[in-house]
Amino acid sequence: MEQRSRLFETVTVGGQQLRNRMVLPPLTRSRASDDGVPTALMAEYYRQRAGAGMVISEGTVITPQASAYARVPGIYSAEQVAGWLPVVEAAGRDGAVVYAQLWHVGRQSHSSVQPDGLPPKAPSAIPITGYQYRSAHGRIPYETPRELTTAEIVQAYGIAAANSAAAGFDGVELHAANGYLIDQFLNDGSNRRTDHYGGPLENRMRFLLEVITEIARYLPMERIGVRLSPSSDWMDAHDTDKRTLYSTVVRTLNGMGVAYLHLVEPEIAGSTTVDRPAGFIPTAEFAALFDGPVIVTGGHSQASAEQLLASGTADLVGFGRLFIANPDLPNRFLANAPLQPLRPAGIYGGGPEGYTDYPALAASGT
Ligand SMILES: Cc1cc2nc3c(=O)[nH]c(=O)nc-3n(C[C@H](O)[C@H](O)[C@H](O)COP(=O)(O)O)c2cc1C
């Protein structure tokens with residue numbers, strides 16, 4: 001008996017109807033200008049992937065200090081907003097809903113890329129151990145960050161959200177996953193603050209909640225999504241009780257009426273697939289605590305995505321590496337066509353090679 005496809009059913013997110021449940025999840029590709037201004041090449045890349053029901057931009061930094069790597073786009077300057085306009089238009093040209101992923105890396109940055117040449121700022125002066133920073137000259141240890149003051153950064157998130165709306169984005173996704181700044185506040189391994197942003201869980205969640213409240217001055221709450229990676233210890237993201245931590249975060253977000261919850265599967269460490277960490281928590285546990293739309297991303301194929309939707313764990317599914325290599329992924333799924341493999345060259349940085357040169361079905365003749 002032929003199975004009904006759920007991937008190609010409509011779904012509503014933030015009051016907008018999506019024509020399918022396939023998401024282009026945030027994917028850093030490092031093709032912006034040196035000033036973080038989106039380029040025409042980026043518009044072409046997103047235009048090629050506009051068949052997704054929802055497009056989430058690559059991680060987009062909210063201030064120059066928020067960045068860790070060259071050629072990552074920003075959304076804090078007028079030039080960047082102007083650069084995003086044609087990119088967002090291209091991404092939404094077939095009706096996709098387009099969100100900007102707002103990013104601050106916190107202690108994952110390095111003095112060599114900080115505007116003042118000093119170590120990056122983070123919740124506490126605790127360096128990342130067990131990982132190395134990918135500098136322009138090879139891998140080097142992470143530095144001990146400086147403890148930040150929150151008000152300025154919370155405000156920068158609000159400005160970035162207002163800029164996102166000006167650039168035509170339908171909403172924003174807060175990058176609260178993968179051991180970046182917001183996740184550094186949540187996890188007690190990276191947050192030893194003694195003020196009201198550290199200590200009890202209620203305090204460690206305060207930064208995230210203040211950021212959401214600030215953004216809600218500029219965007220409706222139903223246009224603010226949040227991405228979490230509850231089982232990941234990638235980049236030294238450690239907590240004494242991840243289950244309690246992330247269940248409480250999800251319950252709190254549920255009560256606020258945010259646009260969606262975006263969960264990264266336990267077998268994903270940043271951008272690669274690894275063994276599920278010992279004591280991983282099934283994604284379904286967190287999804288069950290959230291009444292609104294849930295996006296799940298990480299290692300999914302067409303078949304596993306259909307299962308995930310049928311089981312009720314997810315309402316939408318993200319396909320990262322498959323979408324990089326197959327710009328017309330929805331058409332390929334519909335046609336049951338072969339998928340192109342991901343080529344390592346050009347994943348991060350460079351020009352069209354490995355970026356916009358993956359052919360669509362008709363062009364490749366498959
Ligand atoms: C090249 C690359 C860049 C990525 N950049 C981001 C990013 O900017 N923000 C983010 O939240 N996740 C990022 N990720 C993680 C993906 O969004 C996704 O969670 C991961 O690739 C697992 O999904 P997949 O198995 O479908 O590829 C990146 C992954 C890859 C492969």
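**Entry 1: ground rules**

I count two strands as paired if DSSP finds at least two bridges between them. My helices (H or I, at least four residues) and strands (E, at least two) are DSSP runs, numbered from the N terminus. The model is predicted, so I took local features only at pLDDT of at least 70 and side-chain atom pairs only at pLDDT 80 or more, while totals for chains, interfaces and linings use all residues. Residues are numbered from 1 along each chain as its sequence is written, and side-chain values use heavy atoms, with hydrogens and water left out.

**Entry 2: β11 and β12**

I started with R227, whose bridge partner in β12 is H262. G225 also has its bridge partner in β12, namely Y260. In total, four bridges join strand β11 (residues 224-228) to β12, and the two run parallel.

Next I asked how many residues of strand β12 (residues 260-264) are buried. Five of the five are, so the strand is largely enclosed by the rest of the structure. Here buried means under 20% relative accessible area, exposed is over 50%, and partly exposed lies in between (1.4 Å probe, protein chains only). In a regular strand the side chains alternate between the two faces of the sheet. In β12, I find Y260, H262 and V264 pointing one way and L261 and L263 the other, all of them buried.

β11 is mostly covered too, with five of its five residues buried.

**Entry 3: the strands on either side**

β10 and β11 pair in the parallel sense over four bridges, with E173 standing opposite G225 in β11. From β12, I got to strand β15 (residues 294-297), again parallel and over four bridges. There, L263 stands opposite V296.

Together with helix α7 (residues 242-256), they make a right-handed β-α-β unit. Right-handed means that, with the strands pointing away from the viewer, the path from the first strand over the helix to the second runs clockwise.

**Entry 4: β4 and its partners**

I moved to strand β4 (residues 54-61), where eight of the eight residues are buried. Two bridges join strand β3 (residues 22-24) to β4, in parallel, and L24 stands opposite V55. With strand β5 (residues 97-103), β4 pairs in the parallel sense over six bridges. V61 stands opposite W103 there. β4, helix α2 (residues 78-91) and β5 make another right-handed β-α-β unit.

I checked the length of α2. At 1.5 Å a residue its 14 residues should span 20 Å, and its end C-alpha atoms are 20 Å apart, which agrees. The expected span is 1.5 Å times one less than the number of residues. α2 does bend by about 25 degrees at W84, and a proline, P86, follows within four residues. The bend is the angle between axes fitted to the seven residues ending there and the seven starting there.

What do the buried residues of α2 pack against? I find α1 (40-48), β4, β5 and α3 (150-166). W84 and V87 are among those buried residues.

α3 has 17 residues and reaches 25 Å from its first C-alpha to its last, close to the 24 Å expected. Its buried residues include Y157 and N163, and their cover includes α2, β5, β10 (171-175), α4 (181-186) and α6 (206-215). After α3 comes G168, with a positive phi near 100 degrees.

**Entry 5: cores**

In soluble globular proteins, nonpolar side chains tend to be buried together. I took a nonpolar core as a set of buried Ala, Val, Leu, Ile, Met, Phe, Trp, Tyr and Cys residues joined through side-chain atoms within 4.5 Å. The largest one has 91 residues, and L102, Y157 and L253 are among those with the most contacts inside it. Apart from it lies another core, of 12 residues, including L18 and I295.

**Entry 6: two single residues**

Is Q16 buried or exposed? At 17% relative accessibility, Q16 counts as buried. Q16 lies in strand β2 (residues 16-18). Leaving aside neighbours within four places in sequence, Q16 is in contact (heavy atoms within 4.5 Å) with V11, V97, Y99, D170 and R223.

A284, in helix α8 (residues 283-287), counts as partly exposed at 37% relative accessibility.
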